[in-house]
Amino acid sequence: MSVLCIHGGTPLEGELMVQGAKNSVLPILAACLLAREPVTLYNCPKLTDVAAALDILEQLGCRTLREGHTVWVDPRLACATVVTEERMRAMRSSIIFLGPMLARMGEAHMTYPGGCELGPRPIDLHLKALRTLGCQVTEEGCAIHATGHPAGGEVHLALPSVGATENAMLCAVGAGGDTTITNAAREPEIVALQEFLNTLGAKVQGAGSSVISVEGGRRLGGGSFTVMGDRIVAATLLSAVAAAGGRVRLRGTDWRQVSTVLTVFHQAGCRVDSRRDSVALARDPHRPLRGVPTIRTAPYPGFPTDAQAPVMAALAAGQGRTLFVETMFDSRYRHVEQLQRMGADITTAGQVALVRGVPRLHGGRVEATDLRGGGALAVAALGAEGESTLAGLHHVDRGYEQLEQVLQGLGAKVHRVEALPEEAHCAQ
Ligand code: UD1
């Protein structure tokens, strides 16, 4: 077990390139199953979720190779039809292999996926979309058995689910006929998936809007593609600067993708400088953050649910109140109890959390219980007085690549310590 030791109160300064996006590379790796020639992916983050996706590709018969941030996938011999329970449990996104497996193999057997515990996370919309495309999907306890080559069709999603949109797109690209997906999710990662599929020779249009059309029956080749910057990692780092003070410029991220987060910190008293391919945030460490109008999470282009915890961690120290309304997932306030251990004054009731700013958080022994909650605790610790110990790093490492090194590069006092559970503190 390892922990992060974070000595708070040092303003962050500097400039950095934001890592490649986890939520973009995962569906792109699943899409590699549809390719008939090798694929090269650049800017591929080193994350345990990415390793889990590569494991699934290997299990299905692909060859994969990683060198630094470049990943090579040779899908020519992919033919297996089973993803084992162990691999399905490794991350929830494993479900996005279902659509491309049906498109390529006409058969897929897997179990319900695992991943972060954010309350019930059903996959009914995924399965309904694949049935609409002409596949037979049966559920037996935790097992999913799906057969039949997709024909194409009219898929209407009851909710603009990111994963269900991706699964439907990936299945539809290998379908015999054409497909239209309505009420599709509009996240930038969906636009990137369209661009990747079209690079391989697919014809997908409309991503970024609510209606996506896919021309079926095209044979995909191979190609190379650069993974977009991670807007949630960017939002976490912006929260860290807001919490600790200082000035940081993030490169490799499109400011429009984090504009809702920038607006919040601007209202809270930070200075924002947005350029075409970079964004800078500055806060005077002697001037406290102010509470802001209600933050309500929503599908893109609304305020991202994944940024709720890190932004809350920053606003927990400051003046005034902020009300959060989490509309996307249940149980997405599990970081609150940990923030309270650091002196935060936060009350939750169902979907709502009321943050009353306190002058300063203090260091504490805290544990990440999910990925973005872990990012939030790092943010809180960077702004807090004294030292914090952050455990539960297996959650953090799913989505933040070498977080301690990134923060050290900005001048933060943070290091990773290997420790037995009972010794997990930061004796200096
Ligand atoms: C993706 C992101 C995740 C982010 C979320 C919302 C990835 C790998 N993960 O997750 O980081 O927090 O979008 O922006 O990209 N729903 C159903 N039935 C379904 C599917 C979803 O009811 O079959 C509901 C969910 O319970 C949730 C809402 O739809 O309330 C949105 O979920 P969804 O967009 O599917 O999230 P993910 O794709 O799992």
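Me: Is the crossing of helix 10 and helix 12 left-handed or right-handed?
Reply: This is a predicted model, where local features need pLDDT of at least 70, side-chain atom pairs count only at pLDDT 80 or more, and totals for chains, interfaces and linings use all residues. Residues are numbered from 1 along each chain as its sequence is written, and side-chain values use heavy atoms, leaving out hydrogens and water. A crossing is left-handed if the near helix is turned anticlockwise from the far one by less than a right angle, and right-handed if clockwise. For helix 10 and helix 12 the crossing is right-handed.

Me: How are helix 10 and helix 12 oriented, roughly parallel or roughly antiparallel?
Reply: Axes are lines fitted to C-alpha atoms, for helices over the stretch in contact, with angles from 0 to 180 degrees between N-to-C directions; under 35 degrees counts as roughly parallel, over 145 as roughly antiparallel, 65 to 115 as roughly perpendicular and the rest as oblique. The axes of helix 10 (305-315) and helix 12 (371-383) come within 8 Å and cross at roughly 20°. That angle makes the pair roughly parallel.

Me: Which residues of helix 12 make the contact with helix 10?
Reply: Contact means heavy atoms within 4.5 Å. Helix 10 brings D306, A309, P310, A313 and A314. Facing them in helix 12 are R372, G373, A376, V379 and A380.

Me: How many charged residues does the contact of helix 10 with helix 12 have?
Reply: Ala, Val, Leu, Ile, Met, Phe, Trp, Tyr, Cys and Pro count as nonpolar, Asp, Glu, Lys and Arg as charged, and the others, Gly among them, as polar. Seven residues of this contact are nonpolar and one is polar. The charged ones number two.

Me: At what angle do helix 8 and helix 9 pack?
Reply: Helix 8 covers residues 231-244 and helix 9 covers 259-267. Their axes lie 10 Å apart, and the angle is about 10°.

Me: Which residues of helix 9 meet helix 8, and how many charged residues does the contact have?
Reply: From helix 8 come A235, L238, S239 and A242. Helix 9 answers with V261, L262 and F265. By class, the contact has six nonpolar residues, one polar and, for charged residues, none.

Me: Is V18 buried or exposed?
Reply: V18 sits in the loop between strand 2 (12-17) and helix 1 (22-31). Beyond residues up to four places away in sequence, V18 touches D230, V233, A234, L250, R251 and T253. Buried means under 20% relative accessible area, exposed over 50%, partly exposed in between (1.4 Å probe, protein chains only). V18 has 3% relative accessibility, so V18 counts as buried.

Me: Which side chain makes a polar contact with that of S278?
Reply: S278 is in strand 16 (278-283) and, at 1% relative accessibility, is buried. A polar contact is a pair of N or O atoms within 3.5 Å; within protein, one must be able to donate a hydrogen and the other to accept it, and residues adjacent in sequence count only if both atoms are side-chain atoms. At 2.7 Å, the partner of S278 is R249.

Me: Which side chains make polar contacts with H109?
Reply: H109 belongs to strand 6 (107-111). Another, of 2.8 Å, goes to H145.

Me: Which helices and strands do the buried residues of helix 5 pack against?
Reply: Helix 5 (124-132) buries L125, H126, L127, A129 and L130. These residues pack against helix 4 (98-105), strand 7 (136-140), strand 9 (153-156) and helix 6 (162-173).

Me: What is the omega of the cis peptide bond between Y300 and P301?
Reply: P301 falls in the loop between strand 17 (295-296) and helix 10. The bond joining Y300 to P301 is cis, with omega of about 10°.

Me: What is the phi of N183?
Reply: N183 lies in the loop between strand 10 (179-182) and helix 7 (188-199). With a relative accessible area of 25%, N183 is partly exposed. N183 is not a glycine, yet its phi is positive, at about 55°.

Note on methods
Helices (H or I, at least four residues) and strands (E, at least two) are DSSP runs, numbered from the N terminus.
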